[in-house]
Amino acid sequence: MKDYSREIESAVEKYRTLLKGQLERVERINAAGEAVDYASLDKIVIGVCGGDGIGPVITAETRRVLEGLLSDEVKKGRVEFRDIEGLTIENRVARLQAIPDDVLAELKKCDVILKGPTTTPHQGDGLPNIESANVAMRKELDLFANLRPVRVPSQGIDWTFFRENTEGSYAVGSQGVHVTDDLALDFCVTTTEGTRRIARLAYEFARANNKGRVSIVTKANVIKTTDGKFLNLCKEVARDYPEIVTDEWFIDIMTAKLVDEKRRRDFRVFILPNLYGDIITDEAAEFQGGVGTAGSANIGKRYAMFEAIHGSAPRMVTEGRAIYADPCSMLRAGVMLLNHIGYHDRADRLERALDFCMFEEKKLTVTGRDTGATCRAFADYVSETLEKF
Ligand code: IPM
Ligand code: MG
């Protein structure tokens with residue numbers, strides 16, 4: 001064999017840096033305090049970032065609906081909506097930062113964030129290799145739980161996915177190593193507290209909402225170390241919830257079972273490592289009407305961020321279709337935001353209005369093209385419907 005000692009040395013050096021970074025992170029999350037109690041805050045600041053592509057359109061409409069719902073609180077100064085500029089692909093590329101420092105500093109002055117989709121550079125698109133703004137924000141603000149509900153009442157589908165949001169294949173996803181021209185390696189990360197905290201959140205949710213069943217989804221038969229640890233820790237947490245049925249699945253067969261009409265209505269709550277959670281929630285959203293209808297909450301102890309589960313759809317913009325973008329994903333995220341900061345009555349009204357507009361009355365539908373309603377018209381329809389509830 002050729003002498004690779006220089007290449008190995010250089011790869012080991014990079015690995016050493018990664019390990020130090022992850023061990024520091026472990027210490028940070030082990031030392032994290034309790035979750036914020038929003039009821040105890042004099043004022044809640046909602047940061048609003050439009051993002052890229054169709055982001056500014058769907059975010060502005062969602063903000064309008066939320067401002068309407070919270071108008072009294074805004075007047076009283078209990079809630080402030082604050083524009084956060086600069087989270088655009090142009091600025092991020094110019095600064096060569098996933099989240100430019102000044103933008104991050106502004107985000108950290110907020111309590112919760114409503115964020116439009118942001119463009120993520122990928123191999124071959126000519127953009128510099130900067131990390132996804134979503135992934136960076138989840139890590140910077142330690143938003144460890146990604147909650148993604150999917151409901152299709154007519155088919156008995158009522159799923160809530162708890163996707164681990166800061167670890168797995170994403171933890172150091174933009175810091176893999178090209179050892180030689182022929183060999184590349186990425187890394188997968190599982191930590192004890194990182195897993196326990198997502199498992200606890202999922203089981204607490206299942207208990208509080210009488211869900212009765214939690215499914216842990218991994219590929220622990222092959223990815224034995226990190227997925228194995230994830231599975232074992234989730235099962236350990238499960239023991240504190242004896243009234244809840246826990247089952248274990250591998251991601252491949254779970255992907256199939258979601259399409260099985262006889263079985264899928266039995267599932268309720270899922271816990272998954274980051275990458276599997278990413279993939280399966282797009283599949284799940286498809287049953288509900290597509291990713292354009294699905295919202296997502298990124299929850300941490302200090303901060304939380306609410307977004308659509310889909311990307312920035314730049315093609316809709318180049319084809320002049322941005323005004324026809326579906327605001328439902330962001331409006332659903334808005335329901336989660338309202339619930340998270342304690343306005344459950346407003347959250348219920350918005351959810352009922354959305355269900356009514358999307359599944360029952362369906363006076364307007366959004367198709368993403370001029371065959372359907374504009375984003376603004378649909379948001380107006382939701383606002384008018386809110387008056388009924
Ligand atoms: C999501 C998205 C992101 C992810 C991308 C844009 C990095 O697909 O929120 O599901 O993979 O987490
Ligand atoms: Mg995704």
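Predicted model: local features only at pLDDT ≥ 70, side-chain atom pairs only at ≥ 80, totals over all residues.
Residues are numbered from 1 along each chain as its sequence is written, and chains are lettered from A and ligands numbered from 1 in the order in which they are written. Local features need pLDDT of at least 70, side-chain atom pairs count only at pLDDT 80 or more, and totals for chains, interfaces and linings use all residues; side-chain values use heavy atoms, with hydrogens and water left out.

An automatic or database domain assignment sets the domain bounds. Domain 1 covers 41–143 + 300–389, and domain 2 covers 147–290. The table gives values for this pair.

| Item | Value |
|---|---|
| Distance between C-alpha centres | 24 Å |
| Area buried between domain 1 and domain 2 | about 1300 Å² |

Buried area is the accessible area (1.4 Å probe) that two parts lose on being put together, summed over both. Carbon and sulfur atoms give 47% of the area buried here. On the side of domain 1, R138, K139 and I309 lose the most area to domain 2, together 39% of what that side buries.

Contact means heavy atoms within 4.5 Å. By this rule, 15 residues of domain 1 touch 18 residues of domain 2.

A salt bridge is a side-chain nitrogen of Lys or Arg within 4 Å of a carboxyl oxygen of Asp or Glu. Three salt bridges are found across the interface of domain 1 and domain 2. The side chains of D355 and R151 also form a salt bridge, at 2.8 Å from N to O.
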